[in-house]
Each structure stands twice: as structure tokens, then as C-alpha cells.
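Let's take a walk through this structure together, one element at a time. Have the sequence and the 3D view open side by side as you read.

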Amino acid sequence: MTETHSTAARGDSGPEAARLVASRVLDVPDFPKPGVMFKDLMPLFADGKAFREVTDGIVAHHGRDTFDVVVGIEARGFVVAAAIAYAAGVGVVPVRKAGKLPRPAHSVSYALEYGEATLEVHEDAFTAGHRVLVVDDVLATGGTAEATLDLVERAGGTVAGFTVLLELGFLGGRKRLAPRPVHALLTV
């Protein structure tokens, strides 16, 4: 494992926030399969001071009064969403893999590079006009993010913003989500 290079870090909240995230990301080679460099954010989550700074920075970027609820995308997005919701004094809603929610749910299926996946959210997760901040840990190709944003809108929410801790810019996820704005603390 190696640390993600942090001296020339860049992101939408400026170089200081980008360096903070970069300094707490570990590169894990060949996970989950050979040739893949996994970006492990668990060291960031485990560092209380750094995680608080990141959380407060995301809330400050969007503005505490610009969203009514935070959606976290399964699974590491749950960690980020819960922290942001707590800091902002709003609720949190999980977007889960198919079959994980106990009540009637809206679902969306989307293509992955290796198959298809389905995400779900409870039918009663949002009221009309609910302003929803969607968060996840990493933005890669944008397929999961795009499906989640579409799902939130189909379920009656209004997307107020989309934030990730780490964007793998070379995979083009931001372009796929256009014209929706993307906020990434660190882009590599």
C-alpha cells in the first residue's frame, strides 16, 4: 500500500482540502482484481479530526440551508452521508443495492463495465420538493452516480448537489453527469 501523492493535490474546494483527503488515501494495488489500483478512504474515516474537517467543508461548500436531506450511496457513501446529515441537522436516506430495503421502493438498473446493477430507494423517502444532497466516496465512470441522481428525481426529490471525496478524473464521470454540478474534494 502507498499513500496517494498529495503535494500537487487539486479539488473543487481548493488545494488545502484536496491535500487533506490525499494525505489520508491509501493506494491498494490489484484490488479487487489484478491491474486495479483501489483508493482506500478508510484512513480518512478513522481520523476524527480530518473527517470532521472534510464533513464541515462539504456542508460549508453547499450551505447548511440548501438541502433538506442527504442521500448516501451504498456502502461507503453511507459513512459520508451520515456525518454530513448530522453536521447539518438534517436526515439521511440510503440508496441501496436491490433487495436490501424492507418497504416498497423505486429502483433503477444501469450498466457497469462488467454487467448490470440495480439501486433502490424507499418510495416514501422524499416529499415533493425535498432538496437532496447526494454524496459518495468516489466518482469513477459516473454510472452509479447518474443512476442515483435519476432515482432521487424519480422518487420526488430535487437534487441540490452531488459531492464526492475523491474523483478519478481520468475515467470521465464528471462529463457523464453534466450538466449537473459535481463537487469533488480531491481529483486525481
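Start at R131, which stands opposite T158 in β9. The strands around this pair, β8 and β9, run parallel and are joined over 8 bridges. Two strands count as paired here if DSSP finds at least two bridges between them. Helices (H or I, at least four residues) and strands (E, at least two) are DSSP runs, numbered from the N terminus.

Before going further, a word on what you are looking at: this is a predicted model, in which local features need pLDDT of at least 70 and side-chain atom pairs count only at pLDDT 80 or more, while totals for chains, interfaces and linings use all residues. Residues are numbered from 1 along each chain as its sequence is written, and side-chain values use heavy atoms, with hydrogens and water left out.

Now let the view widen to the sheet. It is open and has 7 strands, in the order β6-β7-β5-β4-β8-β9-β10, with mixed pairing. β6 (105-112) and β10 (183-187) are the edge strands; each has a single partner strand, so one side of each is left without a neighbour in the sheet. On average, neighbouring strands of this sheet are turned by 20 degrees against each other, direction ignored.

Helix α5 (residues 143-154) lies across β4 (69-73), β5, β6, β7, β8 (131-139) and β9, and runs at about 155 degrees to β6. These axes are lines fitted to C-alpha atoms, for helices over the stretch in contact, and angles run from 0 to 180 degrees between N-to-C directions. Contact means heavy atoms within 4.5 Å.

In strand β8 you will find D137, which is buried with a relative accessible area of 4%. Not counting residues up to four places away in sequence, D137 touches L41, R76, G77, V164, L165 and L166.

After α3 comes G63, with a positive phi near 95 degrees.

Finally, look for the aromatic pairs, of which the structure holds 2. Rings of Phe, Tyr and Trp (its six-membered ring) pair if their centres lie within 6.5 Å; planes under 30 degrees apart count as stacked, over 60 as edge-to-face and the rest as tilted. F31 and F38 form an edge-to-face pair, 5.2 Å centre to centre with 85 degrees between the planes. F31 sits in the loop between β2 (26-29) and β3 (37-40) and is partly exposed, with a relative accessible area of 43%. Leaving aside neighbours within four places in sequence, F31 is in contact with V36 and F38. The other pair, F45 and F51, is edge-to-face at 5.3 Å centre to centre and 65 degrees between the planes. Here F45 is buried at 14% relative accessibility, and F51 is buried at 15%.

UniProt, in an unreviewed entry, places the feature "domain: Phosphoribosyltransferase" at residues 61-166; UniProt positions are given in the numbering used here, feature names are shortened, and annotations may be inferred rather than shown by experiment. The end C-alpha atoms of residues 61-166 lie 15 Å apart, and the span is 25% helix and 43% strand.

Methods. Buried < 20%, exposed > 50% of the residue type's maximum accessible area, 1.4 Å probe, protein only.
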